[in-house]
There are 2 protein chains.
Amino acid sequence: MENEPGRPELAETNLTSFLILSSLACDMATVGEASEPVGHDQVINPWKWNTQAIDAALLERFERVTSRKPHRWLRRGLFFSHRDFDKILDCYERGEPFFLYTGRGPSTGSLHLGHTIPMQFTQWLQECFDVPLVFMLTDDEKAIFNDNLTCEETMKYAMDNAKDIIALGFDVKKTFIYSDLKYLGGHFLMNAWEFSKLVTFNQVRGAFGFNESTNIGRSFFPSVQCVAAFATSYPEIWAEEPLQDRHPSIARIPCLIPMGIDQDPYFRLVRDNAHRMRNPSPKPALIHSKFLTALQGAGGKMSSSNPNSAIFMTDSAKQIKTKINRHAFSGGQANLEEHRRLGGNPDVDVSYIYLTYFEESDEKLAEVYKNYREGSLLTGELKKMAIDLLQEYVQQFQTRRAAVTDKVLEEFMRPRKLEWRGNPQHPPPDVTGRVAN
Amino acid sequence: MENEPGRPELAETNLTSFLILSSLACDMATVGEASEPVGHDQVINPWKWNTQAIDAALLERFERVTSRKPHRWLRRGLFFSHRDFDKILDCYERGEPFFLYTGRGPSTGSLHLGHTIPMQFTQWLQECFDVPLVFMLTDDEKAIFNDNLTCEETMKYAMDNAKDIIALGFDVKKTFIYSDLKYLGGHFLMNAWEFSKLVTFNQVRGAFGFNESTNIGRSFFPSVQCVAAFATSYPEIWAEEPLQDRHPSIARIPCLIPMGIDQDPYFRLVRDNAHRMRNPSPKPALIHSKFLTALQGAGGKMSSSNPNSAIFMTDSAKQIKTKINRHAFSGGQANLEEHRRLGGNPDVDVSYIYLTYFEESDEKLAEVYKNYREGSLLTGELKKMAIDLLQEYVQQFQTRRAAVTDKVLEEFMRPRKLEWRGNPQHPPPDVTGRVAN
């Protein structure tokens, strides 16, 4: 994305002035399900959300601190904005502990491409920073917000989704995946109750578009989603023998949340209130992705219920080929002659956009862009490139997915002490609260 | 109480038309904390609450069915009204399973007399029916509704209270005592979420006097208190290997809730919605007590923060004597001569009222009433009778309390299969859902 300077972050306290569509609140993990063109056009601007743009300076610093080249999804602005990501880099530099938190709303048993990209990015962050990750499956929320889903159904989807998530390459030693319906209780719920004391009905009405006829489960649920960002919600991951109380030294461990930009309102709420907890936590840092593009292009929606809107992680190589050839919106001209003469429009071309997701080489991507613009690269050739990359991504996923047994799933979902190294130059201090504090 | 006929039970659907003081909603277990004179005067009428009066016919049927004489607190109208208690007697007669549910809000570590009476009544019901009891300690609710209490503090009080509760004589084989903050999760929480879908903010605003500035925890909490009346919330108590899902055959087990009349709004909510759950439950049956009388008499409040308002379960025999002699409101005359001439008023005399709580013999009580009215029984003599009975009750409690070790506490609070017999003539059928259904 263009490195446009982000507007100064405004005070985050006035939630009601922060207009969002109420529908956004109805779906936790909508990232990847809505569609906006990405690529060189920027429809979503950080200032619209009062967030900080991820600019060249930040990416340079990331590379300096971690010795890792920024992911292509950072370089190309798919993850385009943040709050306090720089403070997470400070932590990493000082060798101080932090953890990652992300989530998925299990409203269906199978994932499509759009679901996996933010998760795959989270997996990459885990690899870069070598830190614990908690992965929340909001089967409770899906059952509350969807009149046709029962808790038993969403819990089943959560298990299916968890296997897919594991297949993305997360490290079992430092990853705890949990179903809300199975895990919630104890310190997590104590945090949710404590947090709920800090938030009024008026505030959630403003932030999420609720009204007086909204059910009381929906009104309360933001508490659950918010306190998932507090380290004290997971007493088991920090020590073999978890502390009985929610300890201040655990509360102080910062959190970084990769997420779709539509989830920002939830986390404004936790950023506004984290310091008001009895054991204050730092404001969680956020890193936001844009919406991903459906096969139909801008305005379409990658939808689990429409097989032709998205590449599914269960699609065969042949299905992928057919979907791209038949359904991927093309920016090419009506016929070969006109394409050679006028050139295509990569900015709206779904195959090109998918190439921006999966082609690692910036040079090659720039060349494709140029050649397609000029008309020397044909639509069929562009589609072929996208098909090859997508087939490879999905095939690799399927191979790893086949290895995810029930036993592997069980281990990822077992509350237990996680093992991680953090910054190898600065190993993390004890965060169990036993010695320090 | 007088056997006045209860008005027909009205439809329970219009919660908002059911005016209650908002403060009532702020305290789960207020029974025993407010004060209204009981005895021959009836200030609280069942029709005011649209409930059924407990009349002579019902008590006769109780005695016929259970072969137990109705408890003096039933005979004397301390438990004065009900909803569907007759249906519970039907169940018992047919040998069908049901369970008892009651609760306590642990806002302080020590109980007074007023707290223990409804609990002691519940213990008696358990003995009569030989059925499982779940005893909820709402440490979550006390932390949400009281700005000065943390979850850690209320959880500590819950443990202290549980030891006192155990000392009232509950049978460990058929009693599960739980702290919400420790136990909630799994099927209980699934029920709470599912129930919360059925209730809007407007409804809890109407029923509990909330407004838009009420925090979202308070709005949600009624879900938790309500679903405690569903058998599926306790998968462990019904079988050695609990079912993984919330089974319809478990959902159908009815519940009887002994409670203070001020808690009725919570349970109207569950009665209005129990059939709307995916696995429908019967409307819980309710049996209501009046408020208990403080030492100061009508209008006073037995309060944990005022040592002179109540007899505490930790009081020594000497303290009890002093409190009754110095602080118990007397219906006697200003001096001996006037008392002999005019007689006393037992209806407002706290010592007499306490006699109605603890003197088992109806004949002796009637005689005391008559003699005090006539002036032949003096205030000092009446006080002495009350002191003797209270000293005995508290002393017996203290003896049993001394035997409640941490290990005993642990066993009562361990989620486990309970053992009970129900009606010995009609042993309960299998309720695990494994064979039947």
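A salt bridge is counted here where a side-chain nitrogen of Lys or Arg lies within 4 Å of a carboxyl oxygen of Asp or Glu, and by that rule 5 salt bridges cross the interface of domain 1 of chain A and domain 2 of chain A. The structure is a predicted model, in which local features need pLDDT of at least 70 and side-chain atom pairs count only at pLDDT 80 or more, while totals for chains, interfaces and linings use all residues. Residues are numbered from 1 along each chain as its sequence is written, chains are lettered from A and ligands numbered from 1 in the order in which they are written, and side-chain values use heavy atoms, with hydrogens and water left out.

Chain A is divided into domain 1 (47-294) and domain 2 (317-403), bounds that come from an automatic or database domain assignment. The C-alpha centres of domain 1 of chain A and domain 2 of chain A are 32 Å apart, and their contact (heavy atoms within 4.5 Å) takes 19 residues from domain 1 of chain A and 17 residues from domain 2 of chain A. The area buried between domain 1 of chain A and domain 2 of chain A, that is, the accessible area (1.4 Å probe) that two parts lose on being put together, summed over both, is about 1,600 Å², with carbon and sulfur atoms giving 50% of it. Arg76(A), Leu113(A) and Thr293(A) supply 35% of what domain 1 of chain A buries against domain 2 of chain A, more than any other three residues.

One salt bridge in chain A joins Arg75(A) to Asp362(A), with the closest N and O atoms 2.9 Å apart. On the side of domain 1 of chain A that touches domain 2 of chain A, helix H3 (72-75), helix H5 (113-129) and helix H7 (151-166) of chain A each supply at least two residues, helices being DSSP runs (H or I, at least four residues) and strands likewise (E, at least two), numbered from the N terminus. H5(A) gives the most to that side of domain 1 of chain A, with 4 residues.

The interface between the two chains can be read in the same terms. The contact takes 39 residues from chain B and 39 residues from chain A, and chain B and chain A bury about 3,300 Å² between them, 66% of it on carbon and sulfur atoms. In chain B, the residues that lose the most area to chain A are Trp193(B), Lys197(B) and Ile216(B), together 25% of what that side buries. The rule finds 4 salt bridges across the interface of chain B and chain A, and the side chains of Arg246(A) and Glu152(B) meet in a salt bridge at 2.8 Å, N to O. H10(B) gives the most to the side of chain B that touches chain A, with 7 residues.

Turning to the cysteines, a search of the whole structure finds 0 disulfides over all chains, a disulfide being a pair of cysteine sulfur atoms within 2.5 Å. Cys226(A) is buried, with a relative accessible area of 0%, where buried means under 20%, exposed over 50% and partly exposed in between (1.4 Å probe, protein chains only).
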